[in-house]
Structures are given as C-alpha cells and as structure tokens.
Amino acid sequence: MTSRFSKLRFSFIFLLAITAGLAVADMPRERISLNDDWRFTKGDPTNCVVSLLYDVREQKQIRRLAEAEADGNAATNAGTNLPAASNARVKIIKQWILPTGNNFIKDAAQKFVRPEGNLGDGVAYVQPDFDDRAWQKINLPHDWAIAGPFTHSGGGGMGRLPSAGIGWYRKNFSLPAAAADKKIFLDVDGAMSYAAVWLNGQFVGGWPFGYASWRLDLTPFVKPGGENKLAIRLDNPPNSSRWYPGAGIYRNVWLVKTSPLHVGQWGTQLTTPEVLRERATVNLKVTVDNDSKQNVNVSVATEIFALAADGKKPGAAVAKIAPVDLQIAPGQSLVVAGNASIANPKLWGPPPTQQPNRHVAVTTVSQNGKVLDVYETPFGIRSLKFDADKGVFVNGERIELKGVCNHHDLGALGTAFNERAAQRQLEMLMDMGCNAIRMSHNPPAPELLELTDKLGFLVMDESFDVWLRQKTPLDFHLIFPDWHEPDLRAELRRDRNHPSVILWSIGNEVGEQYTGASGAAVAKELVNIVREEDPTRPTTTAMNWAQATNDLPATVDVIGLNYQGAGVRKAPGRYPEFHEKFPTNLIIGSETASALSSRGEFIFPVTTNHSAAVGANSGLDSARHQVSAYELYAAPFGSSADRVFAAQEKYPYVGGEFVWTGWDYLGEPTPFDSSRSSYSGIIDLAGFKKDRFYLYQAHWRPDFPMAHILPHWTWPDRAGQVTPIHVFTSGDEAELFLNGKSLGRKKQGEFEYRLRWDDVVYQPGTLKVVAYKNGKPWATDEVKTASEPAKIKLQADRDPIRADGKDLSFITVTVTDKSGLTSPRADNRIHFDLEGPGEIVATDNGDATSFESFQSHDRRAFNGLCLVIIRGQAGHPGNIRLTATADGLRAGEKSIETALKANQAGR
C-alpha cells in the first residue's frame, strides 16, 4: 500500500505580543502564539457557590463528600477543591462541553445541542473584571505539578507529584476594530485535563481528554477594538492515569484569524497513490468552510514546493494542482479534490539508507482574484507496504522497525512541551540506531511529529490506553462512550499528513482483550473510523494477553504483541502461533523487553542466564531500591534485550519491535513502587545513557565500529572477588585484557548478543577490549580504576543557544578524580550558581529514588553524574556562566553564549 502525510500547517506565522495588541494586517490568515504572560492559580474560588462538575467521576466525589459531612468531617476532597456539597449549586457541565466535538461526529443525529444560558455565572474567576494580579505569572507550556513537592503517600504510578487538582489560567489580549470581519479561533494543542473555557465572562466550550488538540470559535464572544479576557479551568482527577500525566496547559496555545471563507481545521489531506523514482502522483482533498451569511463563489488552487532541510522553499513550485471553482452556501463546508504529478520526486524515507525529504502544498482560496486564505500543508512523498512474510517496506526498501516506546514527559521539565528537549531525546535515540517511535499511549504534541518528519523516524501514532474497561478508577473509560469518536477523528485529521506516521494504534493492552465479541465490536468501530479518515495506513492494537483464537486480533490489520512474541515469563514465544492464524497480517513486537536497570548500579552475584526476572535475589538492591545495570534483568512479564533480539531473529517475518522504553519516565516505577520514576529506560530520566544503550547500538548499528565494557572498574570493596565483565560490540569476537594480560578471546555464538567473562577476579587497573569483525580489528574500549573524587567537570550539549526564552542547553556535570577519570560511585552534593541573562530551569541525576525538587539548585550526583538545564533570557543575548561547587571538590565552571539569530545558535 502507499501513503501520504504531513502535518497541517498555517502560512504566515507571527509570534506577536498579545498584551500590546494584535495588529491586523491585510493578510488572509494569521496564527499567533498565545503562550506568554498568563496568570495561574490552583483551586476554585473560596466560597464558590457553583460546583463545576463534569459528570460521573464528580458525582462519585459528591457522594463521598456527602458521606463525610454526615460523619461530621470536613467536606473537602483531596486534589479537587470541590465546594461543600450542601452549599454548592451542583452544575454538571458535560452538556455544555460535548458540542465542542460536533465537527468530529459523523452522524448528525448524534451531535449535541448546547443548553440555554451561560455556564459559570457566579464563578468569580470567569468574570472579566476579576483582579488576578496576585496570581502566579507564567508562560506556556506549563506543568503545574513538576515543581512538586513529591509525596511519599499512596502509590507511585502517577509519579508522586501533585498533578491532581483544579487549576485556573487567565490572560488579557486586545484586538483592533479591524478584526471585526475576521473569524477568531482558539487552538489548544493540549491541556491536562477536563478543560473549560470562557471569554469575556461567556462560556465558549472545552474538551476533557488531556492529550487531544482542539479548537474553539471565539468569534461570537470576542470584542474587536477592545480588551478581551480569556479564562481556562482545568480539573485533573486523582487516580486517572498509570503514569505521570502532568497538569496544566502543557502544550502550545494559538490565536488563529481567518476570513469567514477559509480552509477548515486540519482541512487538507494529501495522499501519494503512485510513487516511483521517476514520478509520483499526489492527490489532495481540501475542506473549505463558509462561515459567512451569503453564498460565495470561490476558486481553490494549490502549488507544491520542495522544502530544504531548514523548512524553507528554495525554489519554484515543482507541481501545480489546477484551480477548482465552487459555490458554497452559508454555514456549509465543501470538499474539493485535485491531483498533480511530480517528476523525479525527492522521496521521504528513514536514514541512514534514505533521506527525509519534505514538500509543502500551498493552497490558496480566492474570490474574483482576491486571496481569502492561504494554507500550507507540509508532507512527504513515500510509498509504504506491510508484507506479512517480509516486514515493512518504505519506498521499496525493507526497513526493520528498531523502535522504542516513549511516554510524553520530558524528565525534569515535566510534561510542558519543549522542542529542544524533545529533539535531544530523538537525536540520542537515533545515535543508538533507533528508527521508530511508538507514541505511548496517546496522541503526541504536534511539534513532536514535526521533528519525527524532519529526522526521518517511523511512528506508531496511538490513541488510547483504555476503552470502556478501566485501568484506574478515574481514567478515560469514564468519557470513552461520549468522546472516543471526536478524540479519534481529531487525532487522525491532525496527524494524517505526517510522512513519519506509518501506523495507527487504536489502543494499548485494553481490557476488551478479555471480552470476546463485545470487545471486538468496540475495536471494529474504532477501525472503521480510522478507515473513513485515512484508508492508506493500517491499524493495530497492542495486545499483552489476547490469544490468536480470540476475537480482538482479527479486527486490526497489523498484529501487535506486547511481550508475548519473546515469551512471557518462561512461556515460549508466540510469534509462530499468530503467524499461522493470520498468515496475511504483518506481526510486530508492539512492546518488548521491559528490561530494568539503574544507571551505574552493579549488583552481585550476576545471573548466568541471558534473561532473568527481577526478584529478591535476582538483580535487586532492595534496601536502596536499585536494579542491576548488567542489563540482564526484566520485569516478571518481560525479557532482556538479548532474549528479544533472539526472538526477532528466529522469526524473520516479524516486522521489528518497539522497546519498553527509550527513556525513563515519571511514574510507574516497577519494581519499587516507592520510587518516583521508571527503571525501564535505555536512557535514564536525566538523559544519561545506561549500559543497555550500547547493547542496542551494537545490534541496531552493525556497521558502526563500537565496543563497550561493563561494569566500571572502581571496586575497592571487591578486591579478590569474582566480578563478571561483559562486552557489547558490533563486532563478532573480542579479546579482553586486564592490566595488559589477556583474559581470552571469545566469539559470539548464534543468538548471542554479548561476550561474557564471568570468572574475572577483581584487581584495580585497566580493562581493555579489542573487538574484531570478520577476523579484522574493529573497535576498542577501555576502563580504568578511578582514585578518590577530586573535581567537577561541566560539559554543554550545545553552545551557543538562542536567546528566545525557549532554547535549552543541557549541562552534564561529572565528578572526576584528579586525573579526569569519572568517579563512577560519587554521590557528592553539588550546588549551582548562574550569572548572566539566563536561568537554571531544572536539575536531575537520573536516580529513580531521588526526591529532591527538580527546581533545586542543589543536586546530589548519582554514580558520578548529574544534570543542569539552562535557558537564556528572551531578547537578551550574552554570556551565561554556570558554577558548580561541592565540599572537598575543585569547583567547575562553564560559560555559554546566547544569540538572537537562529544561525548563531548551536544545533
């Protein structure tokens, strides 16, 4: 099958200061950032007489409140700040919110009608004249919970941070009188969760699903020529997620101004039904909305341009789609279609064997020669094929999926999206050999897909973690009946033009695996929605329990197996069973491994198996809550990377894997629930590579000369004791030396992915490995015994950075001995000071057991390393100087330049 892609993008993007007023130029469309200068507070107004409850979950809370009052207890609910049930006018706001999703409901009879009246009358925070100057001043994106404090009560699944509760955001903006003839929209890329929006005291709409992107029409409520007050309420429930969800308006927010006659929201769809080296056919559908009060005759034309690596159009159009004339009635939307042929197209494909070349379709809507709208749709030209026996093919080349699953938080930054932080994650994964990302388990930030397009990753775009059957008491199952169609259609329309998206996942480990025909019926409905919105890509659902004979697997195009492929616990792998049952469906490891480790922690004795479940006497330090970094241990249902590699190679019809996980993430801290973050990442929460990184690099980049020794070699308490040495290499054999003496040369056997010297007796000095490939020297690695910690070294990932208040520099802080060797067990407490036009945004050390605030300027090193994240002050270029000090260590210092122009900043 072939496909198309891209992410709808608006032309003419202007980042203007809203509080200074929005200049309305004579241009057809503007997309203006609303990220700056908000006011924020937690909780509803004191003595509020209206309770803004959404629906079922709040009703349950009200019952608990009533019971508490009956018992004479205080009528409050932890994390929700609900007013006393007996004093509040209970108002269920669901009926006001539901109409926001009407554009994504196919059956007109199922659409919702907004009730009469104005929701929120009597709530002080929605009133335009409310004085919010005492509130916290913040910029978006914003995650209110990441500042902490951490809690040690309850479970660790949601990251032990205060994400539950109610938050209010308010913002002033002005529009000149010339905006009176425009349509004004509010676009929210993501708000966690149960959002409700007011403008100038009037309720506008909202959206409950925290991972959705959505739009509200502000036109009926906006005041051109005057000041406008926007108020947004979020209500983040406790026990609503299995991982850290974050809290707040954590993605970008935009004000979009158009003509009443304009391209609709996510209103283009590009497909490439024919892709050859010498030519490609591009099909385009455009939805045009007429929000005026009269019939309109318009013309719709499109030009296609090749994009340079920087996203600019370097030359003339490479193709044109002929204009189409149409008449649109008031309030009507029409879809027009056209196509073009491109000669010798530059194809989009994954590196290193292909290049992610991109194009952009520029669609112009005009009336009698006057341009009414210009809309840009970046996309890529590529073919896509899923072969049940051979795997995934992009542009005719078989591409093994070397993928990872990632949650949406950015470590110490929380869930507040930052493009540079996301880019850093992807770049490190690419260095490992990763070529695919599974968006676990929700629609990602739009900018993340823009990055995967630019870098050439392949993406499994996932919709839901739950359907009707709950995983936590207050999760998405409560709103699935009303919102699954709007949420899914919105995701599909937003993301269907991205070339990186190759596969739609409709769910992860859903409870409907267990419910036979009824669960399959839910899956079929979701699959049908996908096929209506995008028939060019296949569907999957990630299954950790379903048998090949169950109903659910038969509903999707690609069989996605979580852990079952390699075998759960001691069970044999189940790839053959599913391949026999579904001989025409490709099979992938939609979630594999769940190997666990703590960076730099080596626990003895070491298992002699190639994979072992963690346990009291298996890879755990139960007193310190750490997991061995020998990279042999996994969750009880999981497997080591070695075991998964073997399963993939034994069954070459499997299309590849998505490892759980690429990076550690906040919450779900298996196997120690008392911790703050996971142990499953190949890279730790701070962005430091675990030894497992090199195991994957050795396997996924077989042509890259590398060798890696583990463990470190500073063990003063292990003199004379057996200390196993393992080597990961892309070679096929290696010789190990200790203090110049050979410990033997070993060759990898079939289905072996590491070389092991398990009987080495520790003595201080130098370990060196020489790896070979096909009998010839290939790569070397060396580790030495470090002496006592003596000094601090600072190293920036990028210098200079942009002085825009968004760009970041990630500073690695290393404790070394006097000769500069990393002290691999150092845990010194380090203090950081900053001078110049910038700020310390966060610090971390990658230790899942650390409960130091991410905002602290003091951080204990974890096994020799910690991290400082620095941001320059917007509009103020200059020199930033970071100083690190610790008792008994020589101080470290690093200077970083910030620059106004992008080409002066590091990449």
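This is a predicted model: local features need pLDDT of at least 70, side-chain atom pairs count only at pLDDT 80 or more; totals for chains, interfaces and linings use all residues.
Along the principal axes, its C-alpha atoms fill a box of roughly 90 × 70 × 60 Å. Of the 907 residues, 62% count as buried. The secondary structure comprises nine helices and 53 strands.

Helix packing was examined for several pairs. H5 covers residues 480–495, and H6 covers residues 516–533. Their axes come within 9 Å and cross at roughly 30 degrees. Angles under 35 degrees count as roughly parallel, so H5 is roughly parallel to H6. The crossing of H5 past H6 is right-handed. On the H5 side, the contact involves Phe480, His484, Glu485, Leu488, Arg489, Leu492 and Arg493. These residues meet Val522, Glu525, Leu526, Ile529, Val530, Glu532 and Glu533 of H6. By class, the contact of H5 with H6 contains seven nonpolar, one polar and six charged residues.

Helix H9 takes part in two further pairings. One is with H8. H8 spans residues 641–650 and H9 spans residues 691–700. The two helices pack at an angle of about 20 degrees, and their axes lie 11 Å apart. H8 and H9 are therefore roughly parallel to each other. Their crossing is right-handed. H8 contributes Ala641, Asp642, Phe645 and Glu649 to the contact. H9 contributes Leu695, Tyr696, His699 and Trp700. In the contact of H8 with H9, five residues are nonpolar, one is polar and two are charged.

The other pairing of H9 is with H3, a helix of residues 419–432. Here the axes are 8 Å apart and the packing angle is about 55 degrees. H3 and H9 are therefore oblique to each other. Met428, Asp431 and Met432 of H3 meet Phe693, Tyr696, Gln697 and Trp700 of H9. The residues of this contact divide into five nonpolar, one polar and one charged.

Eight of its ten residues are buried, so H9 is largely enclosed by the rest of the structure. The buried residues are Asp691, Arg692, Phe693, Leu695, Tyr696, Gln697, Ala698 and Trp700.

Helix H4, residues 446–455, is mostly covered as well, with eight of its ten residues buried. These are Pro446, Glu447, Leu448, Leu449, Glu450, Leu451, Thr452 and Asp453. Gly456 follows H4 and has a positive phi, near 90 degrees.

Leu230 lies in strand S14, which runs over residues 226–236. Its relative accessibility is 0%, so Leu230 counts as buried. Residues up to four places away in sequence are set aside for its contacts. Beyond them, Leu230 touches Leu34, Trp38, Tyr169, Arg170, Lys171, Phe173, Leu186, Val197, Trp198 and Leu199. Leu230 and Gly201 are 29 residues apart along the chain, and their C-alpha atoms are separated by 8.2 Å.

Ile870 sits in strand S51, residues 865–872. Ile870 counts as buried because its relative accessibility is 0%. Its neighbours within four places in sequence are again left aside. The residues then in contact with Ile870 are Ile801, Asp807, Leu808, Ser809, Ile811, Leu834, Glu839, Val841, Ile880, Leu882 and Ile896. Leu738 is 132 residues from Ile870 in sequence. From C-alpha to C-alpha, Ile870 and Leu738 are 41 Å apart in space.

Technical notes: Residues are numbered from 1 along each chain as its sequence is written. Side-chain values use heavy atoms; hydrogens and water are left out. Axes are lines fitted to C-alpha atoms, for helices over the stretch in contact, and angles run from 0 to 180 degrees between N-to-C directions. Helices (H or I, at least four residues) and strands (E, at least two) are DSSP runs, numbered from the N terminus. Angles under 35 degrees count as roughly parallel, over 145 as roughly antiparallel, 65 to 115 as roughly perpendicular and the rest as oblique. A crossing is left-handed if the near helix is turned anticlockwise from the far one by less than a right angle, and right-handed if clockwise. Contact means heavy atoms within 4.5 Å. Ala, Val, Leu, Ile, Met, Phe, Trp, Tyr, Cys and Pro count as nonpolar, Asp, Glu, Lys and Arg as charged, and the others, Gly among them, as polar. Buried means under 20% relative accessible area, exposed over 50%, partly exposed in between (1.4 Å probe, protein chains only).
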